[in-house]
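My entries follow the structure.

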Amino acid sequence: MACILAPSILAADFKELGRQIRTTEENGAAYLHFDVMDGMFVPSISFGMPVLASIQGAGSQVMDVHLMVQEPIRYIEDFKKAGADLITVHLEACEDVKATLEKIRSCGLRVGLSICPETEGGAVRDYLKEVDMILVMSVHPGFGGQKFIPESLDKIRLIRRMADEQGLSLDIEVDGGIYLSNVREVLEAGANVIVAGSAVFGGDPGKNTKDFMEILREYE
Ligand code: DX5
Ligand code: ZN
């Protein structure tokens, strides 16, 4: 199974954004992780459609859009127009989870479903067949630079086991507090898509991406 790095631009230097994005692509990051926060589902506000649209020309990575937004079904078409390839919504933020996932699919996009640290892994069991990816939050969503919650590892193992039992080759993405020092544990638990914000954009993004990719390739 391919192991993918998804640098989160929440931690990027926006004066240098285009250049920083290109350097992550050149060094092997296949995805770009785009964190949208609405000040409702999470306390913070980040950025939205216009910023996504404006970075389309910067590279050709898969645009991995993580909507930390209440009732995200309202915005799926807008994010598609702005250039999303993969949209992940939060189970906890949707009144009708199935309808929201179907909406993403009907727009021709790849479908992701995320759970917060306090949500049991078993909560996604009934949706595994409807999605391409489960995103396990390993910090409380809302801010970059937090500490990895170790219980996330059991949740990753459980979700990988549930997917295997259903015969699904599901992507499992993990987001929050991942560094070169703990990424192996996350991969060993069964994740294959790694989000890293501070660990990529703090320091030299090209070198950091390269170092992550060396480890990720060992797990393919
Ligand atoms: C947190 C976001 C993350 C964040 C990760 O709510 O979903 O994607 O940018 O940042 P780090 O890697 O710094 O923990
Ligand atoms: Zn995220």
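How many aromatic pairs does the structure hold? I found two aromatic pairs; rings of Phe, Tyr and Trp (its six-membered ring) pair if their centres lie within 6.5 Å, and planes under 30 degrees apart count as stacked, over 60 as edge-to-face and the rest as tilted.

I note that this is a predicted model: local features need pLDDT of at least 70, side-chain atom pairs count only at pLDDT 80 or more, and totals for chains, interfaces and linings use all residues. Residues are numbered from 1 along each chain as its sequence is written, chains are lettered from A and ligands numbered from 1 in the order written, and side-chain values use heavy atoms, without hydrogens and water.

I looked up Phe14 with Phe47. The pair is tilted, at 5.6 Å centre to centre and 40° between the planes. Phe14 sits in the loop between β1 (4-7) and α1, and Phe47 in the loop between β2 (31-37) and α2 (49-54), 33 residues apart. Helices (H or I, at least four residues) and strands (E, at least two) are DSSP runs, numbered from the N terminus.

I then took Phe34 with Phe47. This pair is also tilted, at 4.8 Å and 50°. Phe34 lies in strand β2, 13 residues from Phe47. Both Phe34 and Phe47 are buried (under 20% relative accessible area; exposed is over 50%, partly exposed in between; 1.4 Å probe, protein chains only). Phe14, at 39% relative accessibility, counts as partly exposed. I logged Phe14, Phe34 and Phe47 as one aromatic cluster.
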